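I opened this notebook to record what I looked up in the structure, one topic at a time.

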Amino acid sequence: MLTMEKIANDHGHFCDLNNGNIQLQNGYCDFSGKSNLKNKKNNKKYYLYQNHGIEKVKAENYNSMELIAVEKHGEEQVIFYSDANKNISFIKSKLHKSLNPMQIADKCEKNPMLRTFMFVLFSSLWAFGILRYREYSFKDITISVGYDKTKNYSVHFLFPKRIRNKFSFKTDKLSLLIHLYWVRISLKDLYSHYKETSEINNPMYIKVENENINYYYNFKEKTRDQYNKNHFVFNTLSTKIPNTEVEMYVRKSITGQYVIVVSSRMSKFVVLKEVIAYIFSLFKRNKNKYDIYFEKFAQGASESGYELFKYSITKNQNSIYILDKKNVDFDSMKRKYPNNLFAKNSLQSFYHIFLARSFISSDLVTHVQRRLYDNDSLLKKKILNNKYKIFLQHGVSLATNVFERGYYNKKVPIAPDYIIVNSQLEKEFFLKNTSYKSNELIISGLPNLDIYVNSKEIKKEEITFLLTWRPWDLTGKIEEDSYLYRYLQFISLIENDSYYKDKKINIVLHPKAKIILQEQFTSFFNKNKHHFYEGDIKNALLNSKVLISDYSSVTFMCFSGGTNVIFYWEDKQRSEKEYGAPNILQANNAFGHIVYEFEKLNRVIKANFNAPQSNKHINKFNKMVECTDGNNTKNTFDALNNII
């Protein structure tokens, strides 16, 4: 058998570049006899072989877990080391900013072998099963919960470490029982963490504590679990947290990692209705009959989903609209569509969803579930197996750079199968930045745009101020340059200029900002609430002569209806930094006047209120949005009818 001493004396590099690929040299190979490392996964341990994969190469003159060599090739490195049994092993990895090569090898060696089961008992989440390590030179093991990894729970074993270490390489069923473990996680403790962080989804990790550094591994059901869309269906039962309005359950990410989810309470009667509907649906021969329409949280009927449904029902009686019964227009809409509109979470809505052939919405398909964060395996299975999830979009995707922020990832189980776009330019952004194909991107325009296009003849005499919510601006402080501060500036502007006394001003707050004001600045909110717009935002936008916004997609909607748009970009640089990418909307393609300083806003508002849209802005807009002839609804229906 080849020894390390012979390697050191007789050979140079272990590997080299060959036609751009890293390749083992001097007769070295992997188990299958291959020398090319192109298909080797990063951060995974492999043994070094010789003699066409017959013999492992030993490192007799090296200690266990000792570094032998690191060979760098561009941004990649191959780490060769002596493992716990003095076999020469290698790991291919990217250059790491915090771990040195031997720490990378050590972390791979300590990758746990798992087989886990979960259940809830006595207001606690219990995990138990097999947790085996090949190498036990660490201090302790805990389960960490949350993105911040601040909640840690002790892992208990049936046998002490010294016994488990003796059986670390034995994998027969009896020996594996030596590695039996369990963990208890208090749900009340997790609820306290939720109150502090507001984190809905809390990923779980195995934390291996070492002398100088800690390693974190995704906590999974099985070691071999990796990317699989079927993980989407996995859920535990949802458990109520005593004396609270929330429930918790465990789901899996698409890579198999356990995630503890905090969700709203739900009546068991809803679960019963769903099960009954599912059983009834099993007796129907045609399991793909209905086209299901809905909007955000299935609570509204004012976006493209409802516009397309109204047209569809005239052509296809199997069109179904799902709407929350609390919606103020539900009763009147039910009278108008008695056999095609059903209350969310009703037995009838569940029944039709289980027999759906398509899901058509201005939001993601999960918004038709019983609740936004839901442990509903039955509906998830239906969603996963459906091949016609149609996304009508909230608005044009050419404002902030949603593509650089990871939107539209087709690997996600709830990703749309087809997307409606508004121009060749928008389609090109999708083709360049996502894995969607040309035939999955339909240039027919948002149905909701028709409403704005057809409103051009309406006399517009209102002014609307609406800024995009900033997810990083959650402090609730009214400090200079904050989201709330900008609204205060605008209120002060209209109160101190008589020009606005006889004009209808719509100040539209994001719902989260409104809650912060109500809860933390009650006196200010009560004093100014007459300024804040109440009602359907669409009505305010349709009647606006001037819209002041930053990078909201409603700017496209309003402009198509004849509204002058003012882009208020005083905080643009900060926003792009927080978003992680420059916006798509920039000075060269903005279809409205740009204001970078609040002091200049008043003059620009007045100028736009008394002027028509400029040809320069119209030409810029038409390059970004082509579908403005008022026929988007019909064209979208016809296009989908040819697909479904």
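**Entry 1. Salt bridges**

How many salt bridges does the count come to? I found 28 salt bridges by the rule I applied. I note at the outset that this is a predicted model.

I then turned to individual pairs. The side chains of E274 and R370 meet in a salt bridge, with N to O at 3.0 Å. E274 belongs to helix 6, whereas R370 sits in the loop between strand 23 (356–361) and helix 10 (377–385), so this pair ties together parts that are 96 residues apart in sequence. I checked the burial of both partners: E274 is buried, and so is R370.

R370 also forms a salt bridge with D374, where the closest N and O atoms are 2.7 Å apart. D374 is buried, as R370 is.

Another pair I looked up is E440 with K410, whose side chains meet in a salt bridge at 3.0 Å, N to O. This pair links distant parts of the chain, 30 residues apart: E440 is in the loop between helix 11 (424–433) and strand 26 (441–443), and K410 is in the loop between strand 24 (389–391) and strand 25 (418–421). Are E440 and K410 buried or partly exposed? E440 is buried, with a relative accessible area of 13%, while K410 is partly exposed, at 24%.

**Entry 2. A buried lysine**

I looked next at K92, which is placed in strand 8 (residues 88–94). K92 is buried yet has no salt bridge. The nearest side chain of opposite charge is that of E76, 4.3 Å away. I did find a polar atom of the K92 side chain 3.1 Å from the backbone oxygen of K40. Leaving aside neighbours within four places in sequence, I listed the contacts of K92, among them I22, L37, K40, N43, E76 and V78.

**Entry 3. Nonpolar cores**

The largest nonpolar core has 60 residues, and I noted Y408, I419, F556, L585 and F591 as those with the most contacts inside it. Helix 17 (residues 554–560) gives the most to this core, with 5 residues. A second, separate core holds 42 residues, including L114, V183, Y191 and I260.

I followed Y408 in detail. Beyond residues up to four places away in sequence, Y408 touches F391, Q393, S397, V402, F403, I419, F430, T434 and Y436.

I examined helix 13 (residues 483–495), whose 13 residues reach 19 Å from first C-alpha to last, close to the 18 Å expected. Its buried residues include Y483, R486, Q489, F490 and I494.

K284 is found in the loop between helix 6 (268–281) and strand 20 (290–294). I recorded K284 as partly exposed because its relative accessibility is 30%. Not counting residues up to four places away in sequence, K284 touches Y351 and L355. The C-alpha atoms of K284 and L355 are separated by 8.2 Å, although the two residues are 71 apart along the chain.

**Entry 4. The chain as a whole**

I closed with overall figures. The secondary structure comes to 21 helices and 31 strands, and the C-alpha trace spans about 90 × 55 × 55 Å along its principal axes. Of the 644 residues in the chain, 54% are buried. Among contacts with a separation of 6 or more, residues 24 or more positions apart account for 66%.

Terms used. Residues numbered from 1 in each chain as written. Predicted model: local features only at pLDDT ≥ 70, side-chain atom pairs only at ≥ 80, totals over all residues. Heavy atoms only, no water. Core = buried A, V, L, I, M, F, W, Y, C linked by side-chain atoms within 4.5 Å. Buried < 20%, exposed > 50% of the residue type's maximum accessible area, 1.4 Å probe, protein only. Helix = DSSP H or I, 4+ residues; strand = E, 2+ residues; numbered from the N terminus. Contact = heavy atoms within 4.5 Å. Lys, Arg positive; Asp, Glu negative; His and termini not counted. Salt bridge = Lys/Arg side-chain N within 4 Å of Asp/Glu carboxyl O. Polar contact = N/O pair within 3.5 Å; in protein donor to acceptor, adjacent residues only side chain to side chain. Expected span 1.5 Å × (residues − 1).
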